[in-house]
Amino acid sequence: TSFRYPGGIFSPPLTLRTVTNQNFFSPSVRSAGLALMVVALVIAVGSAACVFIKRTGSYVRAAQPEFLYVLCAGSAILASSLAFVSFDESYGWTGDQLSSACMAFPWCFVLGYQMQYCAIMCKLWRVEKLLSVRRQTVKPQHVLLPFGIIIVSSVVVLICWTTITPLVWERTVVSPAPLPTTSFPLETYGRGTGGGGGRVF
């Protein structure tokens, strides 16, 4: 005969203390992301070094090394944003540290992305001016106005976002506690939230 537990049930009751599945980052996924970040940083720094070493070559001067440096810097900043989304509580980070990392991610991602494409835009704009019918001397600083406007505007928006509704690390309950007498949920996950500020900005 089957054993009958209190309450007339035949299956063993749930334990009072359940082990919560907190969906921490997988070490393999984290390692792969950080490895790709390091590869991108090495390529960006190596490319900038090659431009500097070959800066006197005619083909490098024709490629406008000033904008190539900015392109490499933007690539490095964009790649470094991966470091801020590769950690959680399982690596000993506190909630405040994770909140700061969540807010640092859009700074690196947005500014790095825009530095890359603004450099390409200004580089092509300078070429277009040089190839125009009217003969003229076009230096890099003559086409930096759009670059400055876009970067300054982005910094202003990011400052407002960081000041008004910054991202905060929160752990959300997916599966609540199985019994009213327990306070430990079955499953949670953590993420950076900002009360809708991320969608606004």
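This is a tour of a predicted model, one selection at a time.

**The whole chain**

Of the 201 residues, 27% are buried. Among contacts between residues at least 6 apart in sequence, 69% join residues at least 24 apart.

Now colour by pLDDT. The mean for the protein is 84, and 85% of the residues reach 70 or more. Helix 1 has the highest mean of the elements, 94, while helix 6, residues 197-200, has the lowest, 56.

**Asn23**

Select Asn23, in the segment before helix 1 (27-53). Most residues other than glycine have a negative phi. Asn23 is not a glycine, yet its phi is positive, about 50°. Is Asn23 buried, exposed or partly exposed? Its relative accessibility is 38%, so Asn23 counts as partly exposed.

Move to Gln64, in the loop between helix 2 (58-62) and helix 3 (65-80). Gln64 also has a positive phi without being a glycine, with a value near 60°. Its relative accessible area is 3%, which is under the 20% cut-off, so Gln64 is buried.

Next select Lys123, which lies in helix 4. Lys123 and Gln64 are separated by 59 residues in sequence, but their C-alpha atoms are 7.2 Å apart in space. Setting aside neighbours within four places in sequence, Lys123 is in contact with Ala63, Gln64, Phe67 and Leu68. Lys123 counts as partly exposed because its relative accessibility is 23%.

**Helix 3**

Select residues 65-80, which form helix 3. How far apart are the end C-alpha atoms of helix 3? They are 23 Å apart; at 1.5 Å a residue, the 16 residues should span 22 Å, so the two values agree. Show the side chains of the buried residues: Pro65, Phe67, Leu68, Cys72, Gly74, Ala76 and Ala79. The buried residues of helix 3 pack against helix 1, helix 2 and helix 4.

**Helix 4 and helix 5**

Show helix 4 (95-130) together with helix 5 (145-164). Two packed helices are described by the angle between their axes and the distance between the axes. Here the axes come within 9 Å and cross at roughly 170°. That angle is over 145 degrees, so helix 4 and helix 5 are roughly antiparallel to each other.

On the helix 4 side they include Met103, Trp107, Leu111, Met115, Cys118, Cys122 and Trp125. On the helix 5 side they include Phe147, Ile151, Val155, Leu158 and Trp161.

**The nonpolar cores**

Which residues make up the largest nonpolar core? Select the eight: Leu98, Cys102, Met103, Leu111, Leu158, Trp161, Leu167 and Trp169. Helix 4 and helix 5 are the elements that give two or more residues to this core, and helix 4 supplies the largest share, four residues. Another core, of seven residues, lies apart from the largest one; among its members are Met115, Cys118, Cys122 and Phe147.

Finish on Met103, a member of the largest core. Leaving out neighbours within four places in sequence, Met103 is in contact with Trp161, Thr162, Pro166 and Leu167. Trp161 and Leu167 belong to that core as well.

How values were computed:
Residues numbered from 1 in each chain as written. Predicted model: local features only at pLDDT ≥ 70, side-chain atom pairs only at ≥ 80, totals over all residues. Heavy atoms only, no water. Core = buried A, V, L, I, M, F, W, Y, C linked by side-chain atoms within 4.5 Å. Buried < 20%, exposed > 50% of the residue type's maximum accessible area, 1.4 Å probe, protein only. Contact = heavy atoms within 4.5 Å. Expected span 1.5 Å × (residues − 1). pLDDT = per-residue confidence, 0-100. Axes fitted to C-alpha atoms, helices over the stretch in contact; angles between N-to-C directions. Parallel < 35°, antiparallel > 145°, perpendicular 65-115°, else oblique.
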